[in-house]
Number of protein chains: 4
Amino acid sequence: MSDEKAKRTGARRHEAAAKVPEIGVGMLGYAFMGKAHSSALRRLAYAAWPPPLVPRLVAIAGRNAEQVAGAAERFGYERWTTDWRDLVADPQIQLLSNGGPNSLHAEPTIAAAEAGKHVLCEKPLGRSAEESYEIWRGVAAAEVKHMCGFNYRFVPAVRLARELIEAGEVGEIRHFRARYMQDWGVDDTRQAWRFDPEQAGSGAIGDLASHVVDLARFLVGEIGSVSALVRTFVPERRVDDAVEATVEFHSGAIGTIEATRLALGRRNAFQWEINGTEGSLAFDLERLNELRVFRADDLRARGFKTVLVTEPDHPFAEFAWPPGHIVGWGDTFVYEFHHFLSAIAGERSVAPYGATLEDGYRAAEVCDAFVSSSRSGRREKIVYRTL
Amino acid sequence: MSDEKAKRTGARRHEAAAKVPEIGVGMLGYAFMGKAHSSALRRLAYAAWPPPLVPRLVAIAGRNAEQVAGAAERFGYERWTTDWRDLVADPQIQLLSNGGPNSLHAEPTIAAAEAGKHVLCEKPLGRSAEESYEIWRGVAAAEVKHMCGFNYRFVPAVRLARELIEAGEVGEIRHFRARYMQDWGVDDTRQAWRFDPEQAGSGAIGDLASHVVDLARFLVGEIGSVSALVRTFVPERRVDDAVEATVEFHSGAIGTIEATRLALGRRNAFQWEINGTEGSLAFDLERLNELRVFRADDLRARGFKTVLVTEPDHPFAEFAWPPGHIVGWGDTFVYEFHHFLSAIAGERSVAPYGATLEDGYRAAEVCDAFVSSSRSGRREKIVYRTL
Amino acid sequence: MSDEKAKRTGARRHEAAAKVPEIGVGMLGYAFMGKAHSSALRRLAYAAWPPPLVPRLVAIAGRNAEQVAGAAERFGYERWTTDWRDLVADPQIQLLSNGGPNSLHAEPTIAAAEAGKHVLCEKPLGRSAEESYEIWRGVAAAEVKHMCGFNYRFVPAVRLARELIEAGEVGEIRHFRARYMQDWGVDDTRQAWRFDPEQAGSGAIGDLASHVVDLARFLVGEIGSVSALVRTFVPERRVDDAVEATVEFHSGAIGTIEATRLALGRRNAFQWEINGTEGSLAFDLERLNELRVFRADDLRARGFKTVLVTEPDHPFAEFAWPPGHIVGWGDTFVYEFHHFLSAIAGERSVAPYGATLEDGYRAAEVCDAFVSSSRSGRREKIVYRTL
Amino acid sequence: MSDEKAKRTGARRHEAAAKVPEIGVGMLGYAFMGKAHSSALRRLAYAAWPPPLVPRLVAIAGRNAEQVAGAAERFGYERWTTDWRDLVADPQIQLLSNGGPNSLHAEPTIAAAEAGKHVLCEKPLGRSAEESYEIWRGVAAAEVKHMCGFNYRFVPAVRLARELIEAGEVGEIRHFRARYMQDWGVDDTRQAWRFDPEQAGSGAIGDLASHVVDLARFLVGEIGSVSALVRTFVPERRVDDAVEATVEFHSGAIGTIEATRLALGRRNAFQWEINGTEGSLAFDLERLNELRVFRADDLRARGFKTVLVTEPDHPFAEFAWPPGHIVGWGDTFVYEFHHFLSAIAGERSVAPYGATLEDGYRAAEVCDAFVSSSRSGRREKIVYRTL
């Protein structure tokens, strides 16, 4: 190579690895969450620059050999296995990403932590508060980094809401009303495990209401009591289709929480609104790039602003396109994993912007209270256990 | 007058009266509701043609002599009085329109009915279920026509919703979620009687939640039980600021009901959504000309339709401008009074499209249950009394 | 009557007339505009209090004797006639409201003015700029008050837009884009005169584009040149269905103007947006209570505010219900006539918030330029005549 | 490894390459488009499965050595260079992706094609119709696959619009009105090359209006004539800030096209609407997952449907998350490159769903006509050259 050419061209292979350390990842699950996690892991190497750590996709585990092999090939995992214990045993893996069915959250997550691996476990953490507590307790004892997959904390508009609340922009919060509505529960038969109480633990409660509870806690604070109705509408279905609840927060705020798989026309409508003494915020996941903001001290022409959360001074701007170029649902997983890798790299803590397994456990306490309140007909006060 | 001129011109005074009978109206109240009722009564003579009866504004009653005299002059009442008993005693009055404070609903309404006058009483009917029951019972015994002022049944989009439900367009209803949000409760001091428990009976419950309950009953059916939180946020305020509730319907549908005067940025946002087995409906009073409609059997490009309810085949078209020319909140009172006058004229019954005093009573039972549930912490089953 | 009773009750008949003078009104037209005008005139006596003048509905004129007699009976005109000259000749009439077909704008309006009557003439003023100029000239010479029925200047949100612009809230305007879309032109055969070039002068241009032009002038200023395409899509139709234009304002702003009767799904969608150096405004007549407002100097969470124009400090608040209680299309005529009666009573001038006949003429010059530009294929500079 | 373990686990490295052929890619540009292209190329290996070809990121070229080296490292290019001719000379490269400034579109694109490489060139194709024609001619002669980067054809809602139009759902199109509005032109000084006529060719015209023109052609058909105003508002700026135009299509449809960088509050609002004889469609890029659809033959409750274009039977479903889980702007590049790789692999042709360089040329003819019409003041008929 001539000197001149050397000046204007370069080979870069192997250079990046020298700069940013790799982290070996083992993935449990290849279906919906497996795909979401794997795509995010692939994108982390370049989505923001430089990355805190570069994921190395070491192995993926799943029950069906053919499908897990296909997923390994598609997403570039070096190996696959039908036994998640192989992930736990693998010294090349430093992070277990658990996107398996709810019944496979406890044992692999705890085992991985006990083997010294950091763990990211999908929500709901366990199938019950009891199981969730055991996961949290087991993992916390291992002193690894842990995170619960409440990815909606990583929607830019949600993070902006949190920042506005922290900055006092809405004042003291009085109301939180939220509903997570889908409609595939009307007749869907494809996702069998989600309708199996043994595997899923619950229906709309664990799948959807747990998201609402986490966001309530993330934006408003701890929930003190709930009154709820839980209902199964579809004959012969063994899990709940819907839950309706009123909630009291420790702060004194009150509100409603709802989750349903039977709201025709609402495909993925996680809608919430917050009213405080100084302003209000509103959000709909089907328009996840937008936050609606009202300020009481606005000028004469007052009203809810539709804020397109794509600005350079908005959350997650380091991943973003220019203003007005919206992001998608899948991007939230990129931000979520980036946050966790940053925590593993020591650049930040998982909390408070990410959900820890304690957050996962606490959400489960509230979800359990929905069920017990529905049965008892009473408002249930929630007592949170500590380690 | 020449023959030719006689052919092309005419004097019409006194002709109309000969065709459509008049009905003498006595109005109780001159403030917000007094203005809404009076404006509607003035417009009835020509709003749809011919009218069922032509209102004659005989007299208006109110506590403050100066203000009631001013209202009489403004709206063209022939007389005014500071004693509502004058209305009851007046043989020229065949209809009492009661828009006074809640504490003046019971006695004047019953007395007028006992004097043989038809009665339209504003909501909430009484300050409690007990008082509401007494009003209903007293009036029903008099065998006059009666109506409770739930004017939102007369929003064209709401009536269309009812018609679509009756036609089976949404199938079996599973969810009803509704919230009536205002924000003037943050610091308002003008409407004193609304914050006085003696005069108002309750705060957001009677003022706003009663509307929600009536619409729930109008669209979905009878409410069987409720769990509720009632809260007063503003220090030294003696009525409730907000109520949050979950509800069960006799049909098996479940949902949430909320009312608050503290939702900053929501000025008059009565929002509700219904999900059934065949479709969904959604509404916001701040855009009262629109009904959002989803049908499960729609073609491939499915979604909520924003229906502008201003078409010739839509409800209340006989009052309407051409399609796309929207109506206002005040128009709902014109439709409401027209409905009641039609009932008095024998052309239709008040129920089921208008609310009777029984509907007013039943809404009050639910509202009382909100309070008792909030106190007891229990889901309260609602028992409705009959005559 | 006892002394005590005298204190608490009163008869008011004939008192109002003593305070607020009456003005005799003659109405030309009983169809769409006739109904809108008549309803507004009836409401003026009490809509805001006290009224500047109390309309006395003296007579109504129209071609069909049966229909005009019916309209007289419905709206309470004292007399009817099939010859508009009777209105001109009637000394009890001080104001002619001309809501007849466009072909009946010129002669009756000029004759009424020459007879010393104030005139309110519907838009488009004439069927051409030439005819419009003659009307303006004839009326101006008579030194009566005159107004052109551009009622959209009296939409609260539009007036608020004007006030915000005057206050510098949007800075220097760079863009105005507007379109008035309806869809009844697809197959409607009812409104025959609107498709008759002799009676209407034009199609979508006079009916819809004239509104757009007036609002452009009201909000942005004088139009200097246009390039346009005028098109008739429906076979055998003799007037235009649609016009598309680019416009230059004297101020340097540029934009687009469109009007069509063939935009399926748009029933009455007069949408416009303004972009300035400091902010933007947007509006849609199908949601006429809302103004969308963007301010460049807003805080970090920027976005278009949806302002519900129903506040006490918003335009036309003296007519309004409490905040959040929206008004309808028909209400704009109440505000418009109130404005004109105030001007007649000497309390204000018609301009600049109301449109004078000069405004009617100037809009017609622009509309004519649409046609000539479409024919010539050239950008047409507009020269406005003066008196 | 035991037999049992062999059954449940597997190593997959090197297997994928054996199945799906690689294609070597050379990238020109590392800024906005370079990032969008590179991200998409990285995701293609797994975004849909199996991919038509697996991109191998061979080399990236750019002017600034430090920045191009950084981009190479970030996105995983094997080499970098400051001389695009190195890409043309590289036999490992079979596809040149040209995301450089407009002034670097012609020479590298033609040279790469002449070297037998497939080419994807960003829009606008050239800085003028003449230059665009030369690019198209040069590349077509080389008989390689070519595509122009009109990525908005690959928005799922846009493709669905096209499919609905093809299926006759909107009937014969009468109107197309579109505007591409941004606001960073108010004061931005960062993207220097975009304001340099030598490098960019034009301002809002090439940057934004070219997108509008391509979509007009994609959805409605060929444009026959235009009348336009082109304007530079910001002092000392050497390119246009805005263009306003009326257009005629060969089909007889008419409409407006606008592009501006000065519409405050509109960050990336490419909005368009189509009205036909059977229905209407509307779209806003800031809500790119939604298509608004109106059908004239809908039932009594008619209105625009807001269709969330995320269903299994919607375009690009093979890349998608479950219904209701929206995608982002960056995803359109994944779909676009996938389309082009499929075409290279022989599975489909670039046209009509992708834009060829002929489409790039034709859009440039319309853009040039905007300028000439603005200068001449005349409606300009457009003549398209052929090879």
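The legends below describe close-up views of a predicted model.

**Figure 1. Symmetry relation between chain A and chain D.**
Chain D is superposed on chain A by a rotation of 180° with 0.0 Å of shift along the axis, at an RMSD of 0.0 Å. The two copies are thus related as by a two-fold rotation axis. The residue of chain D that comes closest to this axis is G328(D), whose C-alpha lies at 2.0 Å. The same surface serves both copies, as 100% of the contact residues of chain D recur in chain A.

**Figure 2. The side of chain D that touches chain A.**
In this interface, 48 residues of chain D are in contact with 48 residues of chain A. Two or more residues each come from strand 1 (9-11), helix 2 (15-19), helix 3 (32-47), helix 4 (65-75) and strand 4 (79-81) of chain D. Helix 4 of chain D gives the most to this side, with six residues. By class, the side of chain D that touches chain A holds 19 nonpolar, 13 polar and 16 charged residues.

**Figure 3. Strand pairing between chain A and chain D.**
Strand 4 of chain A, residues 79-81, pairs with strand 1 of chain D. The pairing is antiparallel and runs over three bridges. Within it, R79(A) has A11(D) in strand 1 of chain D as its bridge partner.

**Figure 4. The side of chain A that touches chain C.**
Here 13 residues of chain A are in contact with 13 residues of chain C. Helix 8 (156-166) and strand 15 (303-308) of chain A each supply at least two residues of this side. Strand 15 of chain A gives the most, with six residues. The side of chain A that touches chain C comprises seven nonpolar, two polar and four charged residues.

**Figure 5. Strand pairing between chain A and chain C.**
Strand 15 of chain A and strand 15 of chain C (residues 303-308) pair in the antiparallel sense over five bridges. The bridge partner of G303(A) in strand 15 of chain C is V307(C).

**Figure 6. Packing of helix 6 with helix 7 in chain C.**
The axes of helix 6 (residues 106-114) and helix 7 (residues 129-142) of chain C come within 8 Å and cross at roughly 10°. Helix 6 of chain C is therefore roughly parallel to helix 7 of chain C, since angles under 35 degrees count as such. From helix 6 of chain C, A106(C), T109(C), I110(C), A113(C) and E114(C) meet E131(C), E134(C), I135(C), G138(C), V139(C) and A142(C) of helix 7 of chain C. The residues of this contact divide into six nonpolar, two polar and three charged.

Conventions: Residues are numbered from 1 along each chain as its sequence is written. Chains are lettered from A and ligands numbered from 1 in the order in which they are written. This is a predicted model: local features need pLDDT of at least 70, side-chain atom pairs count only at pLDDT 80 or more; totals for chains, interfaces and linings use all residues. Copies are superposed by least squares on the C-alpha atoms of residues with pLDDT of at least 70 in both. Two residues are in contact if their C-beta atoms, placed from the backbone, lie within 7 Å. Helices (H or I, at least four residues) and strands (E, at least two) are DSSP runs, numbered from the N terminus. Ala, Val, Leu, Ile, Met, Phe, Trp, Tyr, Cys and Pro count as nonpolar, Asp, Glu, Lys and Arg as charged, and the others, Gly among them, as polar. Two strands pair if DSSP finds at least two bridges between them. Axes are lines fitted to C-alpha atoms, for helices over the stretch in contact, and angles run from 0 to 180 degrees between N-to-C directions. Angles under 35 degrees count as roughly parallel, over 145 as roughly antiparallel, 65 to 115 as roughly perpendicular and the rest as oblique.
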